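I opened this entry to look up the ligand site and the pocket around it. My notes follow.

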Amino acid sequence: MKNIAVFASGTGSNFLAIHQAILNNEINTKITLLVSDRSKSKALENAKKMGINCFAFRAKAFESKEAYELQILKELRKNNVELIVLAGYMRIIGKTILEKYPKRIINIHPSLLPSFKGIDAVGQAMEAQVSVTGVTVHYVDEGMDTGEIIAQEELDISNLHKREEIEIEIHKIEHKLYPATIKRVLEDLS
Ligand code: GRF
């Protein structure tokens, strides 16, 4: 069995969905570490309650990105992590971690990449008045939301006009697509 780390700095609804899929024996893995770039978050609170090891940090407390990423690497090694799952982590992964985890970092993004990269993908889709958006799971490279695509699912938003409605539907897709994709990626690793 290969251990995973989840990097989540916000609500952590994807983190919970992954955790639940593991409890349901849908994925053969263990979350041995949660990393958060905020000292307080719902994701962190829940991980602590579950007894998952946590590493929460403030980037400002370190002298450089390399310095905090070296600290994260230590935590990843200590917890025997083989796959990094980004789920609402608010920082770009730098060279320090990327070089040690080649093709072993994945991210979920609320758009059909390559459309609407970066922050507020739902807002960008609304602004562009597209009728279809969706969710992408991709490998992480040095760019922002540019790595190789692993899975995508479309969402018809032509009848959804409020941001909250779209976000609810996006999350529903994410909570199924991410666990299913993590399962596939882990199987490919073994
Ligand atoms: C998700 O919409 C994901 O696509 C994006 O960040 C959000 C995290 O949501 N990368 P949550 O914290 O898992 O609820």
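I count a residue as near a molecule if one of its heavy atoms lies within 4 Å of it. The model is predicted, local features need pLDDT of at least 70, side-chain atom pairs count only at pLDDT 80 or more, and totals for chains, interfaces and linings use all residues. Residues are numbered from 1 along each chain as its sequence is written, and side-chain values use heavy atoms, with hydrogens and water left out.

Ligand shell. I listed the residues around the ligand: T11, G12, S13, N14, G88, I108, H109, P110, H171 and E174. By class they are 2 nonpolar, 7 polar and 1 charged; Gly counts as polar, and Asp, Glu, Lys and Arg count as charged.

Polar contacts. I took pairs of N or O atoms within 3.5 Å. A polar side-chain atom of E174 is 2.4 Å from a ligand oxygen. For the side chain of S13, an N or O atom lies 2.5 Å from an oxygen of the ligand. N14 uses a backbone N or O atom, 2.8 Å from a ligand oxygen.

Which space does the ligand take? I found that it takes the largest pocket, with a molecule placed in a pocket if more than half of its atoms lie within 2 Å of the pocket's grid points. The elements giving two or more residues to the ligand shell are α1 (13–23), β5 (105–109) and α6 (163–189). The largest pocket is lined by 35 residues, with G88, Y89, M90, I108 and P110 nearest its centre. Of the elements, α6 gives the most to this lining, 5 residues.

Methods:
Polar contact = N/O pair within 3.5 Å; in protein donor to acceptor, adjacent residues only side chain to side chain. 1 Å grid on protein atoms, 1.4 Å probe; cavity = no way out; pocket = protein on both sides within 12 Å on 5 of 7 lines; lining within 4 Å. Helix = DSSP H or I, 4+ residues; strand = E, 2+ residues; numbered from the N terminus.
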